[in-house]
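Biologist: Please take one part of this model and go through it closely, residue by residue where that helps. I would like the surroundings as well, with the cut-offs stated as you go.

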Amino acid sequence: MEKFVLEPLKGIGKVNFGDTREQVHQIMGEPSIVHEVVDFHFDGAIRFDYTEENILEFIEIDNSDAFEVELYGINPFTTKADELVKLLTTMNDGWAVNAQRAPFVYGFNNISAALYRDATEQDILVSIEEAKQDGTYEEDKEWLAEELEKYSYFQTVGIGRKDY
């Protein structure tokens, strides 16, 4: 299985911020989806954003079974959300973080990194309580347990060039 090492402010694997779109294609192969200034690889699981001049400036990677991911020596998709926030806060030189949309989105400005998820464990715990009150918990128990596990982690990690 292919492994991608995310290096904030640098890039992913052999792909570096500042590379041209053509250079990224030479390294990653042809994208599966192409938009004006965005390419997707691995059926949309890795996103590359370019400037109007086709220079790479941002990469977002989803949790996928198609590849492994490493960030600062750990897999960000198997590291609990609160632990990942702590790690990136440390790497970011403290809490110089854009957390306006926390706990769903965190931005770490000094290292141009971001984390995203569309729900939290607390959201699912509320859904579990509601299901118990509505009498639907038993029929939804398996699905709710899967959701509780899923949202213990972030869904995507993004990294960008300096000052992105």
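Modeller: I46 touches F4, M28, D39, F40, H41, I59, E60, I61 and F67, leaving aside residues up to four places away in sequence; a contact here means heavy atoms within 4.5 Å. This is a predicted model, in which local features need pLDDT of at least 70 and side-chain atom pairs count only at pLDDT 80 or more, while totals for chains, interfaces and linings use all residues. Residues are numbered from 1 along each chain as its sequence is written, and side-chain values use heavy atoms, with hydrogens and water left out.

I46 is found in strand β6. Strands (E, at least two residues) and helices (H or I, at least four) are DSSP runs numbered from the N terminus. I46 counts as buried because its relative accessibility is 0%; buried means under 20% relative accessible area, exposed over 50% and partly exposed in between, with a 1.4 Å probe and protein chains only.

One of the contacts of I46 is I61. The two residues are 15 apart along the chain, and their C-alpha atoms are separated by 4.5 Å. I61 in turn touches F4, L6, I12, A45, I46, F67, V69, F77, Q155, T156 and V157, again not counting residues up to four places away in sequence. F48 and I61 have the most contacts inside the largest nonpolar core, which has 30 residues. Such a core is a set of buried Ala, Val, Leu, Ile, Met, Phe, Trp, Tyr and Cys residues joined through side-chain atoms within 4.5 Å. Helix α2 (residues 81-91) gives the most to this core, with four residues. A second, separate core has six residues, including A119, I124, A131 and L144. In soluble globular proteins, nonpolar side chains tend to be buried together.

Back to the strand: β6 (residues 46-50) is joined to β5 by four bridges, and the two run antiparallel. Two strands count as paired if DSSP finds at least two bridges between them. H41 stands opposite I46 in this pairing. Four residues lie between the strands of the β5 and β6 hairpin, and there F42 takes a positive phi near 55 degrees.

In strand β5 (residues 38-41), V38 and F40 point one way and D39 and H41 the other, yet all are buried. β5 also has two bridges to strand β4 (residues 33-34), again antiparallel, with V34 opposite D39. The β4 and β5 hairpin has three residues between its strands.

The R21 side chain reaches the backbone oxygen of H35 at 3.0 Å. Its relative accessibility is 13%, so R21 counts as buried.

For the sheet that includes β1, the strand order is β3-β2-β1-β8; the sheet is open, has four strands and is mixed in pairing. Its edge strands, β3 (15-16) and β8 (68-71), each pair on one side only. Strand β1 (residues 3-7) runs parallel to β8, with four bridges joining them; K3 has E68 as its bridge partner in β8.

How values were computed:
Polar contact = N/O pair within 3.5 Å; in protein donor to acceptor, adjacent residues only side chain to side chain.
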